[in-house]
Each structure stands twice: as C-alpha cells, then as structure tokens.
Amino acid sequence: MSTITALGIILLLMMVAVGGKKGVQSFLSLLFNFGFLYFAIILMAYHLPPLPITLIVGIIILSLTIFLSGTDDNASQSAFISSLFVLILLIILIIPIENWVQVQGFGIEDSDDLEGMSLLIGIKFIKIAISTAILSTLGAIAEASMAIASGLNEIAEQHPAIKPRQLFIDGISVGKQIIGTTLNTLFFGLFGGSLSLFIWFAGLHYSFGNIINDKVFGAEFIIIMFSLIGVIITIPITSAVISRRFAKRKSKSQSKG
Amino acid sequence: MNEVIKKLPIKIIIGALVLGFIAIFGTSHDEFLYQQPIFKVESVHNGNRMKSSDEFHNADYQINQKLNGTIMNGKLKGKHLTINNTFSHSGAMDREYHVHNEAFISYHQHGQSTIKDYKRDVPIVFLVWLSISLLVIFLRMSGVSALLSIIVNSFLFYDSVLINYQTQGDQVLFLFGTLAIIFSAITLWLILGFSRQMLTTLCSTIAGTLVSIVVSLIVFTFTHEHGMYYESMQYVTQLPKPLFLSETLIGSLGAVMDESTDIISSLFALKSERPQISRKQIFLSGRQIGASIMGPLVNVLFFIFMGSTLPLALLFLKNGNSIGYSFSMNMSLGIVQSLISGIGIVAAVPLASLFASLFIKGGAKK
C-alpha cells in the first residue's frame, strides 16, 4: 500500500470517529478539492484560458468546502454568498499585483529541478501565477466565512429580537476572536512550506534585500498575504451579508404576521 | 455595507494612507541601500519575434530587446548603459522589461552587462502595508496583537534556520520540534494571556502535533514510504526526510493551535455560562464544536501546501509526462503533508476536549 493511501485511510477513520457523518463529508470535500485542483491544471495544460477555469473551479471548491462542512443551511448559504464577494474582490486585487510583482514561473533556485525541461510551452506563466494565487486563498476564505457565519447564526437564533446593526458589530467581534489564530495558521503554513527555501537562503547568505526581491520567496509570500487580506475582508463582508439577510427575514416575517 | 462605511475610523485611515505613501515612496527610492547595481530602464527597442517549437510541439516565441538606462546606485551611479534582454511569450524565467522598470544587474566593465533579476521590493512592501492597514482598520487592537505574534515568530523562525545552518542540519527535527513548542507557547501567550486556558490549549496543541508526527512515522515504517518521492522536494540542501517532517510539523502547528484554541475557548465560555455542566458533557460538546471546524481547517492547509506545486505540475504535463507521473513528482509530497496535518487537526479535537474537561476548574457548583 502506498503511504498516501495509508495516511488517507487513517485520516478518514479518525474523521469518522470524531465527527461521524460530518467526518465523512469533511474527507469528501478534501478529496473533491484535490480532484478539482488537479483537473484545473490539466485543463490549463490543454490551453483553456486559466482565469475563467479558475473562477469556475474556485466557485465549485468554495461551495463544496462550505456546504459539505456546514451544519446549518442558513449559515452555509450566508457563508457561501459572502465568500463569493470576497473571491471577486480578491481577484480584482490579485491581477494587478501579480502583474506588478512579477513572480510567475520559476526562479534561479529552481534551476536544478528544471534541467532538461522545455520552458517554452506557449502558456503565459503570469496567468498561471494569478490562478495559483486565487486557488490558494480559497481554503482560508471558506474557513473564515464559515466561522463568522456559524457564530452569528447562533447569536441570531438565541436572540431573535437582536437589531441587524448589532448583529454586524457582533460579527466584527467574532472576527477579532478568530483573527489571531487564523493569522497563525497562515503564517505557520508559510514557514513550514518554505522551510527548505529558507535553509537554502541561509546557506548562501542571502541578505534581507536579496530575500524580499527573490522570485520564489515572493511567490510564496504574496499568496499568504492574499489569503490574509481575504480573511480580513471576509469578516466585515460576512457580517454585513448576514445582518442584511437577517433584516430581510425579519421584515418578511413581520409583514406576514 | 452602509454600516461598514459609517463605522470607518477616519483618523486611522488617514494615518494608514500617510504611512503607506511614505513606505511606497521610500521603497521606490531605496536603491542606495543595495550593494548590487540597480539599473533603471529609460527606453526600450524590441526586435522581431523568433518563433520556436520544442519536441512536444509547444509553440512559443522569443523577442530580443535592447534596454537603455542608467545605474541608480553605488560607485557607478549615473552611468548610462545598454543591456540586451531576451524574453519569451510564456515567461517562465524571463520577463519583458518596460520603461521605468528597475532590475538588479551584473556589471561588466569590458563587455556586456547582464540583467540578474527584477526589483520587486516595492510591491512586496505595498502588500504588507495593505494587510497591516486592513487589520488595524477593521480589528484594531486584536489586529495589532495578532501582528505582534507574527513578527516575534518570524524572528524566532529565522534564528532557528540560522542555527540549523550552523549545525549543518544534523538536528533539524529536534531543532524545529523545540521551536514548535516555543512558537506555541509565545503565540498562545500573546493571544490568550497567561492563564489556565492558555496552558490547556498549549497541551492540546503539542499533543495533537505529536500524534500526527508519530502516526506518520509509524505509517512510513509500514508502507516503506512507498509513493513518496523525496527527490522531488525542492531547494533541498540537507537530508530530505527529517527536513520534510520538520516542514510538516511547523506547517501544521498553526492549524492545530487554531483548532485547539477554538474548542477550548468555547468550552471555557460554556463552563462559565453553565457552571454545573459535567466533565463528560464538556468533552462531548468539545467534540461537536471540533467536528464542524476540522473540515475547513484541513482545507486551508491543503490549499497552501498544494498551491505552489501547480506551475511545476503544469510544466511537467507540457513536457510530455503522464498525468500520473506529473502528480507523483510534484504533488505527492504536498498531499502527504496535507494528510499528516489533517491527522494532527483531527487528533486535536478529542485531545482539546479531553484536556478541557480535565483542567477546567472545579466540579459542579453548589
């Protein structure tokens, strides 16, 4: 048995033991996410335009992650709508920044891995870099919007008389509670993911100036920055979406009653 | 969105804009800080397209360009130069230069100077500024303290990398294992303050991470690491396996901490709301809270670990490799990392619930 299969089975068993049906769903969402991610790359290899593919796959991944791990339909819907807004805003940010920072393709540190390969493949790597950045932020957006949505939904259920405006303020304070740990999830992800790169930098005595201008470091770093910005803007956006939906539902039930 | 606009703090925003302007203006004029000569392009002449095609029938083209410009720093400041640059349509390792672009060059007194790399500190500083401003505008002090823990951890991380270099990577797993404990302690102290809750969360974080590493080592032994291609690890300058485990350990630590913090803080809140709740009930509600957040968290790390593998996977596919081979050589290690982190995150659910049920003060109140 391969290591991936063995670890996968163990993760599945643990998820089921901890979460039952929800565990199965969490595992499925991971599996589907991988499938769609790889499928997106294969489509790009067939010269389909990267940005539209990324947008479609991105929406599918967000909906899978949110609806497969959501407990409450109402909260999941709010989280999904908010995450779409965040996705669009992030795309508007990512495209010009990627064009400005120019970290597409590969750096000199990659030379060994690229030996013997043809780099002239006729696909613009800047587009691939934009797609990569967008896809990398999806997990963080989904997680943050779910956390805010489920927190606020619980408050709304416990205090049905709450004012929509107060609900928005509560959303920001839920955000304040999650931001510290989310920031750590992202940055430890960066530290872990680029540990060998940093060891390389240390070995070759890169200066601070060398590092912040380095292409490979830049590519990893800006992805974390985009995820971080995604998480930050998710907080007010999700709170606003939920307080609006709550206000609408309230006025509907009042006009009925 | 009206609420957002009304709540915006005008003073902080003006402050952020002023700081941003200073940071961007400063970084755009920071050439004097660099030792390497920096070249600013003033005019560009592009040659003709040279079409190319490789053995896999990938059609591309390349263009030679002549760049006229000036050196901006050092002893050669003010010197005019003409440099040749070749860029391709796909631009995997090259790029088209435009007027006003800046680049680091190798200067040769006799003969052609060459471009080394694009200067990208301005956009990096811009992104850092944007993130910090948004953090402070929306989240005020919580944003600042979160930021503080990142800064402290970054210094610790870089110091450990230097220690690893000085010890030639012999003790990499021990070193970063110790770092993981220090990281968790400092981060949780900054987020939660020193309290019973913080210690409980620390125990759960360390135990969860430990479980994931032990489980993966056991699995590695039984499967003989079949299907893991350490040779595909990038930027490796020392023994790959302990390095891989250290990467995974540090990478998953934040998420395990995230999961533990969420569960334990909810349980401490629950206990203070309903002091008569039993230990068993605490454990069960911890498991329920944990089960709903573990899925999204595993996905966060999955996308961070996998995202950066996409460009190389694409290059493999376009170089005539099969889908299976491209996967093995680029993505299998990322998947293993995601799975190990997943195991840590899921293990943290019962562990956090257990520690909370044991360590929360007092039994049922009279």
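## Interface of chains A and B in a predicted model

The contact (heavy atoms within 4.5 Å) takes 121 residues from chain B and 117 residues from chain A. This is a predicted model, in which local features need pLDDT of at least 70 and side-chain atom pairs count only at pLDDT 80 or more, whereas totals for chains, interfaces and linings use all residues. Residues are numbered from 1 along each chain as its sequence is written, chains are lettered from A in the order in which they are written, and side-chain values use heavy atoms, without hydrogens and water.

Between them, chain B and chain A bury about 11000 Å², with 75% of this area on carbon and sulfur atoms. Buried area is the accessible area (1.4 Å probe) that two parts lose on being put together, summed over both. Of the area that chain B buries against chain A, 8% comes from B:Met93, B:Tyr235 and B:Phe303, more than from any other three residues.

Helix H3 (residues 121–166) of chain B gives the most to the side that touches chain A, with 26 residues.

| Span of chain B | Helix and strand | Distance between end C-alpha atoms |
|---|---|---|
| Residues 146–166 | 100% helix, 0% strand | 31 Å |
| Residues 199–223 | 100% helix, 0% strand | 36 Å |

Definitions and conventions: Helices (H or I, at least four residues) and strands (E, at least two) are DSSP runs, numbered from the N terminus.
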